[in-house]
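Visitor: Welcome me in, please, and walk me through what the atoms say.

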Amino acid sequence: MFNLRHLFLRRPFTTSTAHSNFHENFDSLLTKGHLDEALTLFYTSNISHTHQTYADFFHACARHNSISQGQTLHHHMLKTQKERELIPNVYVYNHLINMYAKCGCLDHARKVFDEMPERNVVSWTALISGYAQHKRCEDGFDVFSVMLGECRPNEFAYASVLSSCDRKFGRQVHSHALKTCFGEYPYVANALITMYSKNDDGKRVCQDDLHEAWMVFNFLKDRNLVTYNSMIAGFQTRGKWQDAIDLFSVMRRNSNISFDRATLLCIVSSLSSAKDHNNDNYAINRCLKYCFQVHCLALKTWFISEIGVITALAKAYSDLGAQISDLYNLFLETAGRRDIVSWTAFITIFAERDPVKSLLMFSNLCQEGSIPDRHTYSIVLKACSNLVTDKHTMVVHSHILKYGFQNDTVLANALIHAYGRSGSVLESRKVFDFTLVKDIVSWNSMIKIYGLHGQPKNALKCYDQMDVPPDSTTFVALLSACSHAGMVEKGTELFELMSKTHEIAPQLDHYACMVDILGRSGGVLQAQKLINEMPMEPDSVIWSAMLGACRKHGETTLAELASKKLQELDPNSSLAYVQMSNIMCSNGTFNEAVDLRTQMNWLGVKKDPGLSWTEIGNVVHEFAAGGLHHPERMTVRHDLEELVKELRGLGYVPETNLAMRDLEEEDKNRELSYHSEKLAFVFALKGGEFKSSRHAIRIVKNIRICVDCHNFMKFASELTGREIIVRDSNRFHHFKQKVCSCNDYW
C-alpha cells in the first residue's frame with residue numbers, strides 16, 4: 001500500500017525546494033553579473049515570480065545598461081499581471097522607473113511614472129534623479145515642484161534635483177530645504193556645496209569674500225568625507241589651489257576623518273591647474289613642494305599603488321615644470337599595472353615636452369599587447385605634430401588603417417593637423433579629401449594648415465567650399481591666413497562678415513589677427529585705433545602683435561607703449577624686452593638696448609634660447625646658437641663657414657642691423673654666423689640620408705626666424721637645388737630656388 005501520509009508531507013517540501021533552488025541560482029547569477037543566464041533561468045522556470053524577483057531584475061538591467069532585456073521583462077510583467085489580475089506594486093515600479101532613467105529612456109520612465117496608480121517619495125526621487133543624470137535640469141526641477149504639492153521630499157530628492165540645478169533653480173531648492181529643515185543634512189549640504197561650486201564663476205562672492213559654497217560648508221556641523229571632498233573640489237574647479245591645500249590641512253589636523261583616493265585626486269588636480277591661474281614662479285615652486293608632500297603622503301598610505309593616483313601626480317609634476325627624467329621614473333613605477341587609460345595619460349604628458357619619448361611609449365604599449373583606442377591615437381598624433389618630419393605620422397596612420405579607424409572623423413582631423421604641422425600639406429589634403437564625414441573641425445584644420453604654409457588662396461577656397469556653418473575658430477584661421485600673406489582688404493572684409501552675416505562676435509583672437517594684419521602692413525595707427533575701440537581689454541597676444549608691427553615699421557613711441565602693456569600682462573615673458581632692444585639696435589641706440597637687457601636680467605626674466613632641430617635617420621639633433629653643445633660642433637661650424645663663403649659668391653650679405661652691441665662689422669658677422677637653424681641645415685645637408693637624396697631638408701625652430709637666416713636659406717636653396725622647409729614659432733617657410741613661400745612677408 002502507498003503511504004499517503006508520506007506523500008502528503010513531501011509535496012509542499014518539493015515546491016519550497018524548487019523556489020529555494022531558483023532564488024539561490026538566480027541570486028548567484030546576478031551577483032556574478034551573468035544577466036543573460038539569469039534571464040534564461042527566469043523565463044524557463046515554472047514557478048510564480050515574486051515582486052522582489054522583478055525588482056532585482058530591473059535593478060540588474062539598470063546596472064548593466066541592458067535596456068532591451070529590461071523592456072522585454074517589463075512586457076512579461078504586464079502580461080503576467082493581466083493574466084493573474086495582479087495589482088501593480090509600487091516597489092517594483094520604482095525599480096522600473098530607475099531602470100529606464102539610468103538607461104537614458106526618460107520618456108519611458110515618465111510614462112511609467114504617470115501611469116502609476118500610487119506613488120511614494122522614491123518614485124518621485126527616481127524620476128528626478130534620472131533627469132539630473134542626463135542634464136535635463138528644467139524637467140527635473142518641474143517634477144520636483146509638482147512633488148512638493150503631493151508629498152514631502154526626503155534628503156535624496158533634494159540632492160538629486162540639486163545635482164543638475166543652475167544657480168537660479170539651486171537657490172530656490174536651497175531655500176525650500178532650509179524651510180523643511182533638510183539644509184543641514186550632510187547629503188543635502190554636500191549637494192549644495194557642489195551646486196554652488198560648479199555654478200560660481202569666481203565673481204559672485206558673499207560677505208567677507210566667502211562664496212556661497214563655503215558658507216554652506218562653514219555652517220554645517222556634521223561634516224563627513226564627502227563634505228570635505230566637495231569643498232576641496234570646489235576650490236580646485238575655480239583654481240584656488242591654496243584654499244584647497246589649507247582645507248586639506250585643516251581636515252587632517254582638526255577632524256577624525258581620513259582622506260581617500262578622491263581627496264588626493266582633487267588636491268593633485270588643484271596643484272596641477274595652478275600654473276593656469278598664476279604665472280608667479282614663487283607660487284609654482286610652492287606648488288611643486290606641496291605636490292612632493294602629497295606624493296609622500298600617497299606613498300605612506302599606499303594610495304600610490306592605485307594607477308589613477310600616480311598618473312594624476314605625474315600630470316601635476318609635468319604641468320608644474322618638473323624634470324622629464326623624474327616624470328619618466330614615475331612612469332616606470334607603473335609597470336605591470338597600466339591599462340589603456342594610464343598608458344594614454346602618460347603619452348599625453350610626454351606628447352608636448354618630449355614627443356620622441358611619447359612615441360616610444362606608444363610603441364611599448366603595442367608591444368605589450370594593449371589595444372590603443374581612438375583617444376590614444378589622437379594623442380600620439382599630437383606628439384607626431386611636434387616632430388620634424390612626417391614619417392612618424394605615416395606610421396601611426398598605418399596603425400589607424402590597420403585597426404579599422406579609417407572612417408573616424410576625430411582621428412582624420414588629428415591626421416590633418418599632424419601632417420600639416422610636419423610640413424606635408426599634400427598629405428593633409430589627401431586625408432581631408434578621403435574623410436567621409438567632415439565636421440567643422442575638419443574644415444577649420446584644413447584652412448589653418450593652408451594658412452600656416454602661406455597658401456591663403458587655398459584657405460579661402462576651402463572656406464568657400466564649406467558645407468557646414470563657419471564658427472569662431474574658422475574666422476581665426478582665415479584671418480591668420482590673411483595675416484601671413486598681408487591681405488589687408490580681404491582680412492578686413494572677413495572681420496566684418498563674421499559679425500554682420502554670421503552673427504559671430506569677435507573675440508580676443510580675432511582682434512589679435514586684425515591688429516597683426518593692419519600693423520604689419522604699415523597701418524600701425526589703424527591697429528591702435530582698433531585696440532582703443534575693442535569692447536574688452538586687450539590681452540598680451542594683441543600687444544605682442546602691436547609691438548611686432550611697431551618694430552617692423554620703426555614706430556618707437558607706440559612700441560614703448562605696447563612693450564609696457566606687454567610687461568604688465570606677462571611679466572615673465574622676455575618678448576617685450578627683446579623686441580624693444582631690437583628696435584633700439586635698428587635705431588643705432590645700442591647703449592639703451594644694453595641697459596634694457598640689463599634690466600631684464602636684473603628682474604630675472606630669461607630669454608628663451610634659439611634652438612633648432614633636424615632629424616637624420618631616427619635621431620633628432622638639437623642645435624643651439626653657436627652649436628657649442630653638439631658632439632660634432634667643430635665639423636659643423638667649419639662646414640657652415642665654407643658654405644657661407646660660397647653663398648657670398650651668389651650675393652648673400654649678412655643682415656647685421658639687429659646685432660646686439662655696437663661691434664665692428666666683422667664681429668657682427670661672426671655673431672650671426674652660428675644661428676641654430678644654419679647649423680641644423682648644414683648638418684642635415686652633410687648627414688646620412690640627405691647626401692645623395694633630393695628630399696626636402698626639414699628644420700624646426702622654437703622662435704621666429706630672423707632676417708639674416710631667412711636670406712641665408714633662400715640663397716642656400718638656390719645653391720644646393722634643395723627645398724628647405726623651416727617651421728618657426730609662427731609659420732612654415734618653404735624655400736625653393738631662392739624664393740620663400742612667405743614672399744618675404746613674415
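**The largest cavity and its setting**

Guide: V388, R421, S422, G423, R698, I699, V700, I725, R727 and F732 line the largest cavity. A cavity is a set of points on a 1 Å grid over the protein atoms alone where a 1.4 Å probe fits but cannot get out, and lining residues have an atom within 4 Å of a point. This is a predicted model, where local features need pLDDT of at least 70 and side-chain atom pairs 80 or more, while totals for chains, interfaces and linings use all residues. Residues are numbered from 1 along each chain as its sequence is written, and side-chain values use heavy atoms, without hydrogens and water.

Visitor: Which strand gives the largest share of that lining?

Guide: Strands here are DSSP runs of E, at least two residues, numbered from the N terminus. Strand 3 (697-701) and strand 4 (724-727) each supply at least two lining residues. The largest share, three residues, comes from strand 3.

Visitor: How much space lies in the largest cavity?

Guide: Two cavities reach 30 Å³ or more. Volume here is the space filled by probe spheres set on the grid points, which are joined across faces, edges and corners. For the largest cavity that comes to about 40 Å³.

Visitor: What percentage of the residues in the protein is buried?

Guide: Buried means under 20% relative accessible area, with a 1.4 Å probe and protein chains only. The protein has 746 residues, and its C-alpha atoms fill a box of roughly 125 × 65 × 60 Å along the principal axes. The buried part is 48%.

Key
Buried means under 20% relative accessible area, exposed over 50%, partly exposed in between (1.4 Å probe, protein chains only). On a 1 Å grid over the protein atoms alone, a cavity is a set of points where a 1.4 Å probe fits but cannot get out, and a pocket is an open set with protein on both sides within 12 Å along at least five of seven lines; lining residues have an atom within 4 Å of a point. Helices (H or I, at least four residues) and strands (E, at least two) are DSSP runs, numbered from the N terminus.
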